[in-house]
Amino acid sequence: MAYIALYRKFRPSTFDDVKGQDAVVTTLRNQIRTGRVGHAYCFNGTRGTGKTSVAKILAKALNCEHPVDGNPCNECAMCRAINEGNSMNVIELDAASNNGVANIREIVDEVRYYPTEGKFKVYIIDEVHMLSTGAFNALLKTLEEPPSYVVFILATTEVHAIPITILSRCQRYDFKRIRIETITERLLELCGKEEIATEEKAMRYVAKLADGSMRDALSLLERCVACYFGQELTYDRILEVLGSVDVEVFARALRYMHEGKVPKLLSLLDEMTVAGRELSRFVVDLTWYLRNLLLAQSGEDLSEALEVSTEQMKLLAHEAKVYTQEELMRYITVLCDLTNRLRFESQKRILIEMSMVRLCHPETDVNTDAVLERIRRLERELQLVKRTGVAAPVAESEEDTKSKEPIRIAMPEQLVEVVNNWDSIVRSIRYPLRMAVEICTPSVAPNGNLLLVFSDNTDYTLVQSADHIEQIEQAVEKAIKSKVTVETRLVEEGGNQEPVVDIRDVIANRLGNVLVEITS
Ligand SMILES: Nc1ncnc2c1ncn2[C@@H]1O[C@H](COP(=O)(O)OP(=O)(O)OP(=O)(O)O)[C@@H](O)[C@H]1O
Ligand SMILES: [Mg+2]
Ligand SMILES: [Zn+2]
């Protein structure tokens, strides 16, 4: 039999199988039971929370020959046909790829015909926010007064992008992010069914990473199963497969922040990128670590509540003494804010680095938390001066600068201009080329040319092809009014090439150990 991904294999087939959406499910079931079904629904909510699944269950329940207490029976001909995707009564349209007026006209025309079998024709329009304005208008009239045998279900992750004229004609249901406990329970249940040995702590970790999405949870689980097929999925194995970072690293990162050691913190981030860790995941995990520290400050043994081993609890309790409650809260606030912004940001790394710098230097922050932290630092220094008569060492200790030979870089003046205009240069390049340029690292070649470094072969190949390099050169020339030759290089992760210097870091003076000589 062909292999089916876990999240497809376990698509809920009745309302009872849908986890964590009780309000939605109860209302819909009652509607079916009492025969008071609406003609248009809008299902809104984050990815992977059950919108498409519930739409299909509703379609089945409407057409089922012997519904059981509002649930489809999954046995009659209609239910089976819908489950197998063969029913003429369930029409799915992916608005992401069919967003034009013509696509909607087709539906509007078809709506007029009675279903040839069953009772209801159900139109599921997925990603409906992608429809063009014209398409929305074409849909409006039919949506308001469809024939009695037609039900529309519009699904979206971005309800605010749907015109109010459309929304006001639908019953709206909001799908919630699914709670960690609920996801954990479901994962354990499915592991039982698949005969996968695992432990609760491990599944809880997967659930936490899934951030409210059941589909993501199942995909993550799948990755772990693939790696350790036939073996027990222990907590440690899960950490390993999902590229998660050891607690010790968080402790280190936090110390650097606390002591204002920007270069060390940035090189720690760099280390992790090189090791294949995903930085946005690191930010989320670091936030949890901080939360654990905060709880550990209570001094009780909370290893159960925090889901950590007794050993880790000791480490936490030890670290927790270093920071004040206010400090931890400030870190958490900044990191939560960062996590939110990362969702919509293409330059993730830069944003993360900026926030890290902000955390290291409360003086760049003007809110009360940051100001309090500055006062605390001053108090610490003052005490030290009182005690010893000498001022505290500046953040960058001597040992830091001595340990490495400084890197010398000769950088043409033009490249400074390139860095200053980098964002607008990137924005002036057209897709799909822009996507590749967006995530490359601008650097400088030994001969002074602009060197774009890619870590992904697909991006690299794309840039090599056609006249793409020329396009980039033109974009640069247009922005800085001077010609720059562009070179490209592929530096794959794990390779042992020389480290790449990001010239944005050079200009922002974020690298401790670099001597820059600007040449004209
Ligand atoms: N509430 C839930 N209960 C049980 N399983 C779920 C739930 N939500 C999602 N899943 C699992 O995730 C898979 C995908 O869910 P579904 O397609 O319904 O999500 P969606 O909300 O439509 O996501 P998207 O916004 O990405 O289209 C399902 O096949 C199922 O395995
Ligand atoms: Mg969907
Ligand atoms: Zn049935």
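Guide: In what follows, helices (H or I, at least four residues) and strands (E, at least two) are DSSP runs, numbered from the N terminus. The model is predicted: local features need pLDDT of at least 70, side-chain atom pairs count only at pLDDT 80 or more, and totals for chains, interfaces and linings use all residues. Residues are numbered from 1 along each chain as its sequence is written, while chains are lettered from A and ligands numbered from 1 in the order in which they are written.

Visitor: What percentage of the residues of the protein chain count as buried?

Guide: The chain has 26 helices and ten strands. A residue is buried if 20 or more other C-beta atoms lie within 10 Å of its own, exposed if 12 or fewer, and partly exposed in between, with C-beta atoms placed from the backbone. Of the 520 residues of the chain, the buried share is 32%.

Visitor: Among contacts between residues at least 6 apart in sequence, what percentage join residues at least 24 apart?

Guide: Two residues are in contact if their C-beta atoms, placed from the backbone, lie within 7 Å. Among the contacts in the protein chain that join residues at least 6 apart in sequence, the share joining residues at least 24 apart is 73%.

Visitor: Which residues come nearest to ligand 1?

Guide: A residue is near a molecule if its C-beta atom, placed from the backbone, lies within 6 Å of it. There are 22 residues around ligand 1, and by class they are eight nonpolar, eight polar and six charged. Here Ala, Val, Leu, Ile, Met, Phe, Trp, Tyr, Cys and Pro count as nonpolar, Asp, Glu, Lys and Arg as charged, and the others, Gly among them, as polar. Those that come nearest are Arg11, Gly50, Lys51, Thr52 and Ser53.

Visitor: Which domains does ligand 1 lie between?

Guide: Helix 1 (6–9), helix 3 (51–63) and helix 10 (214–227) each give two or more residues to the shell around ligand 1. Domain bounds come from an automatic or database domain assignment. Two domains give residues to this shell, so the ligand lies between domain 1 (6–175) and domain 2 (180–241).

Visitor: Where does Phe152 lie, and which residues is it in contact with, leaving aside its neighbours within four places in sequence?

Guide: Phe152 belongs to strand 4 (residues 150–156) and is buried, with 24 other C-beta atoms within 10 Å. Phe152 and Gly38 are 114 residues apart in sequence, yet 8.8 Å apart in space, C-alpha to C-alpha. Neighbours within four places aside, the contacts of Phe152 are His39, Ala40, Tyr41, Tyr123, Leu143 and Pro146.

Visitor: Is Asp69 buried or exposed?

Guide: Asp69 lies in the loop between helix 3 and helix 4 (77–83). Asp69 has a positive phi of about 50° although it is not a glycine. With 10 other C-beta atoms within 10 Å, Asp69 is exposed.

Visitor: In helix 24, which exposed residues does the face turned away from the buried side carry?

Guide: In helix 24 (residues 457–464), Asp459, Tyr460 and Val463 are buried. They fall within an arc of 100° seen down the axis, so they line one face of the helix. These buried residues pack against helix 23, strand 8, helix 25 and strand 9. The face turned away from them carries Asn457, Thr458, Thr461 and Gln464.

Conventions:
The arc is that of the directions from the helix axis to the C-beta atoms.
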